[in-house]
Amino acid sequence: MAGGLTLAQLATPERVQKLRRGAIPAVAVLSFLLFLLFTFPYEMIGRRMEAEAKRAGADLTIGSIGGYGLFGVRARDVRLRPASSGGEPAPELRFARVDVSPDLFALLLRRTSFAFRLEGYGGTARGHAALSNDPKFPGIQSLELTSSDLDLHALPLKELTGVDASGRATLQVDTSSLQPPEGARGSLSVSGRQLAVTGGTVSGFSLPRATLGDLDLSMTIDRGVARLDRAQARGGDLDLEADGSVRLRALLGLSQADLHVRLRPNDRWLNENAFVKGALGLAQNARQSDGSYVFSFTGPLSRLNSRPGR
């Protein structure tokens with residue numbers, strides 16, 4: 001070939017030997033990575049995770065576990081019952097699949113953070129979390145999470161709140177700091193569609209069925225105080241609005257609330273629920289000039305005190 005090397009000149013024994021020597025390290029590295037992926041003791045890690053959760057007071061079971069990507073872990077049929085801070089056991093959380101990918105650079109700095117993806121309750125959630133390095137404030141230091149199309153009927157809402165619900169919801173969390181709780185910062189938003197209360201009991205009172213329509217809620221957290229910027233439900237048997245704040249504590253149930261809820265039931269629903277109509281008739285201090293009713297809720301979240309009016 002004029003002006004260059006011919007194929008025969010390129011394929012000399014010396015040049016071929018150099019190419020082989022350069023390829024051997026790459027093949028060795030690839031072989032080592034494949035060896036790790038196929039022989040890594042994921043099942044042993046899964047059992048260790050279950051044991052560590054038990055030591056922390058939680059109950060964790062993993063159906064199966066294996067590799068995900070180069071350094072991630074994928075677990076299936078995951079069930080977690082968090083440690084309870086009170087007398088009643090915490091509700092069990094179930095996920096069809098959990099993917100976790102650790103941040104390698106953070107590990108080099110002796111920090112623990114990871115990306116994750118969850119499948120369960122009819123929807124998916126993905127995000128990023130970092131754990132606290134301060135032994136005085138263990139737990140999650142920061143959290144980013146976006147979930148979509150969650151089935152409220154499948155979620156353990158009754159165990160958490162005593163309320164049965166239906167509908168679909170989307171959740172978005174963006175918190176730059178959660179520890180210590182008194183300095184927490186971030187935001188939270190929830191939107192829902194075709195929401196309804198289908199039963200349940202609150203403070204010994206049996207809840208009637210009621211449609212709530214569409215929900216729009218947004219909250220800002222600054223210096224440990226979560227403030228409701230917007231909270232309303234429209235298009236159902238009840239129109240609801242809420243405002244106020246919650247001062248966060250390390251134990252969520254001890255967080256101090258100062259909340260005000262305004263509800264406006266439509267006449268048809270009110271006439272179908274004579275008990276509710278009678279109870280509202282007795283709460284004259286709650287009735288407003290526009291026909292709505294306002295109630296205030298104060299005290300720790302675990303045992304809120306209620307009163308009519310603001």
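Student: Is Leu-70 buried or exposed?

Tutor: Leu-70 is exposed in this predicted model, with a relative accessible area of 56%. That puts Leu-70 over the 50% cut-off for exposed residues.

Student: Where does Leu-70 sit in the chain?

Tutor: Leu-70 is in the loop between β1 (59-68) and β2 (72-81).

Student: Okay, on to charges. How many salt bridges does the count come to?

Tutor: The count comes to 17 salt bridges. As background, side chains of opposite charge can pair when their charged atoms come close.

Student: What does Glu-119 pair with, say in strand β3?

Tutor: In β3 (residues 93-102) the partner is Arg-97, and the N to O distance of that salt bridge is 3.7 Å. Glu-119 itself is in strand β4 (residues 113-120), so this pair links distant parts of the chain, 22 residues apart.

Student: And how far apart are the closest N and O atoms of Arg-117 and Glu-119?

Tutor: They are 2.6 Å apart, and Arg-117 and Glu-119 form a salt bridge too.

Student: Which residues are linked with these in a network of salt bridges?

Tutor: The network is made of Arg-74, Arg-97, Asp-99, Arg-117 and Glu-119.

Student: Are the arginines Arg-97 and Arg-117 buried or exposed?

Tutor: Arg-97 is buried, at 16% relative accessible area, and Arg-117 is buried as well, at 19%. Glu-119 counts as partly exposed because its relative accessibility is 24%, and buried means under 20%.

Student: Let's switch to helices. How far apart are the end C-alpha atoms of α3?

Tutor: They are 20 Å apart. Helix α3 covers residues 42-55, which is 14 residues, and at 1.5 Å a residue the helix should span 20 Å, so the two values agree.

Student: Which residues of α3 are buried?

Tutor: Tyr-42, Gly-46, Glu-50 and Ala-53 are the buried ones. Seen down the axis of α3, these buried residues fall within an arc of 90°, so they line one face of the helix.

Student: Why would spaced-out residues point the same way?

Tutor: An α-helix has 3.6 residues a turn, so residues three or four places apart point the same way.

Student: What about the face of α3 turned away from the buried side?

Tutor: That face carries the exposed residues Met-44, Arg-48 and Arg-55.

Student: And what follows α3?

Tutor: Gly-57 follows α3, and its phi is positive, near 95°.

Student: What holds Glu-272 and Arg-268 together as a pair?

Tutor: Their side chains meet in a salt bridge, 3.2 Å from N to O. Both are in helix α6 (residues 267-272), and being four residues apart they are separated by about one helical turn.

Student: How accessible are Glu-272 and Arg-268?

Tutor: Glu-272 counts as exposed, at 53% relative accessibility, while Arg-268 counts as partly exposed, at 46%.

Student: What about the phi of Asp-149?

Tutor: Asp-149 has a phi near 60°, again positive in a residue other than glycine. Asp-149 lies in strand β6 (residues 140-151) and counts as partly exposed, at 30% relative accessibility.

Student: Last one: which residues does the cis peptide bond join?

Tutor: The cis peptide bond joins Gln-179 and Pro-180, with omega about -5°. Pro-180 is found in the loop between β7 (163-177) and β8 (185-202).

Conventions: Residues numbered from 1 in each chain as written. Predicted model: local features only at pLDDT ≥ 70, side-chain atom pairs only at ≥ 80, totals over all residues. Heavy atoms only, no water. Helix = DSSP H or I, 4+ residues; strand = E, 2+ residues; numbered from the N terminus. Expected span 1.5 Å × (residues − 1). Buried < 20%, exposed > 50% of the residue type's maximum accessible area, 1.4 Å probe, protein only. Arc of directions from axis to C-beta. Salt bridge = Lys/Arg side-chain N within 4 Å of Asp/Glu carboxyl O.
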